[in-house]
Structure formats: C-alpha cells, structure tokens
Amino acid sequence: MSLLPTVEIDAPPQTPVNASIIWLHGLGADGHDFAAIVPQLTLSKDYGIHFVFPHAPSIPVTINNGYVMPAWYDILGLDADRHLDDVQLIASADAVHRLIDREIERGIDSRRIVLAGFSQGGAVVYHAALTCAEPLGGVLALSTYFATAGRIEINPANRDLPILACHGMGDPVIQENLGRQSVDTLRSLGFAPEYKTYPMEHAVSSLEIADISAWLQQVLR
C-alpha cells in the first residue's frame, strides 16, 4: 500500500539524522499544521531529528454534516462515549506503522522514533504506538483521548513505552476529564504516563512547547 503524503523537516537542517518524530495533526488540518513548531522546540543539533508530518485523507465527517475534510477517522457523535469509526482509526494507525517502517528502512533505530499527535491525531498515535511490533521511543499525546482503550491488544514490544499527555484545562472540544481518564486507563494497564495540564482551550501553548522539548530531550538523550 502507498504511504501517506508528508511534510518532512530535519532539525536543524543539514545535520546527520539519528531520530524521527512522526507527528499527526487534528481534524480539518493538514501536515503543515505543526511544522512551525519545530524551531520553537529549540532542540540541539546533537539530537539530529527528522520530523514527519503526514496529511490525513479527506473523508466525509458525520458531526460536520458529512462535509469532506482531512480526518484520520469519522466522528459519529460528540457525547461522552465519543462515537467514532473504529475501522478508519485502525486503518490510520496501520498507515502510521508503514511510516515507522520507512524510518527504520532509512536507518533509524525504532527506539529513537517518537509518535506525536494532536486531538484526532493523538487518538491514532495511542493505538499505533501500543500495537506496534517494534519498540518505540515514546508517545506524545496532545489534547486527545485513548479512543480504543476498551478493545486494543497491546504489543509486548511497547509495554514500557514513555508517554507524555498534555491537555488544556478549558478544552471545549475534548474535555480535560477525557485526557485524565485516558491516563488513568494507561496506568491501570501498567504504563507510567506523565500528565500535564495548562490554562488553555483546544490548543498548544508556549509553556506546553517548553515541556514537550524537555521531554523529547529526555527520551532521545
């Protein structure tokens, strides 16, 4: 199967690459959405990170009256159960697995590959990381939730996966309690995620970017 189209950035440019971050955008955005965050992370050239920002396919989204937009999966309802199309979410996670395989083929150790995702993208990377057959470097889950928690089969290769979850306390799109519940579920499954909240809505703040940078330097040191 073909790979997702991507925006790709080396940080800093023209330095040897020894790590990769695959970063998924949210509903209605595209791979350019988080590209601007790369210089804000102020990561040393010693990390040699290759950033991969995939574009989601455009599909009809039920909660938006069937309007066609970039989405990792269809959302059927915004009630507390967050009804969604599981088949599409898992297909998106499989597409992320193919991007992971490509980074490995490029010579990157899987333990130096981090998956990151915002909102819908975060739900996909939770599933992609925890079902991946190769041990990964970590998961960065931003303003999101563990959508497949009740039916996922976790691959033993990622039982010790470092996880940082960040959420806005005033998020009206994915309420903060969903982020907290996701972290509690992960802990019940034996993971040890870090959880940070910020005085913001469904967004990314400068304080959060600083915390992301520090966490990346820790898991990729």
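Modeller: Happy to! Trp23, Phe34, Phe51, Phe53 and Phe118 form one aromatic cluster. Keep in mind that this is a predicted model.

Colleague: How many aromatic pairs does a search of the whole structure find?

Modeller: Rings of Phe, Tyr and Trp pair if their centres lie within 6.5 Å. With that rule, a search of the whole structure gives an aromatic pair count of 5.

Colleague: Are the rings of Trp23 and Phe53 stacked, tilted or edge-to-face?

Modeller: A pair of aromatic rings is described by the distance of the centres and the angle of the planes. For Trp23 and Phe53, the centres are 6.1 Å apart and the planes are at 35 degrees. Planes under 30 degrees apart count as stacked and those over 60 as edge-to-face, so the pair of Trp23 and Phe53 is tilted.

Colleague: How many residues apart in sequence are the parts that Trp23 and Phe53 tie together?

Modeller: Trp23 is buried at 1% relative accessibility, and Phe53 is buried at 1% as well. Trp23 belongs to strand β2 and Phe53 to strand β3, so their pair links parts of the chain whose separation in sequence is 30 residues.

Colleague: What is the angle between the planes of Phe34 and Phe118?

Modeller: Phe34 and Phe118 form an aromatic pair, with 5.5 Å from centre to centre. Phe34 lies in the loop between β2 and α1 and Phe118 in strand β6, so this pair ties together parts 84 residues apart in sequence. The pair is tilted, and the angle between its planes is 50 degrees.

Colleague: Is Ala129 buried or exposed?

Modeller: Ala129 sits in helix α3. Beyond its neighbours within four places in sequence, Ala129 contacts Leu115, Leu136, Val139, Asn158 and Leu161. Buried means under 20% relative accessible area, so at 0% Ala129 counts as buried.

Colleague: How many disulfides does the count come to?

Modeller: Cys132 is buried, with a relative accessible area of 5%, and Cys166 is buried too, at 1%. A disulfide, though, is a pair of cysteine sulfur atoms within 2.5 Å. By this rule the number of disulfides is 0.

Colleague: What span does helix α5 reach from its first C-alpha to its last?

Modeller: Helix α5 covers residues 206–219, which makes 14 residues. Its buried residues, including Ile209 and Trp215, pack against several elements, among them β2 and β6.

Technical notes:
Residues numbered from 1 in each chain as written. Predicted model: local features only at pLDDT ≥ 70, side-chain atom pairs only at ≥ 80, totals over all residues. Heavy atoms only, no water. Helix = DSSP H or I, 4+ residues; strand = E, 2+ residues; numbered from the N terminus. Expected span 1.5 Å × (residues − 1). Buried < 20%, exposed > 50% of the residue type's maximum accessible area, 1.4 Å probe, protein only. Contact = heavy atoms within 4.5 Å. Phe/Tyr/Trp six-rings, centres within 6.5 Å; stacked < 30°, edge-to-face > 60°.
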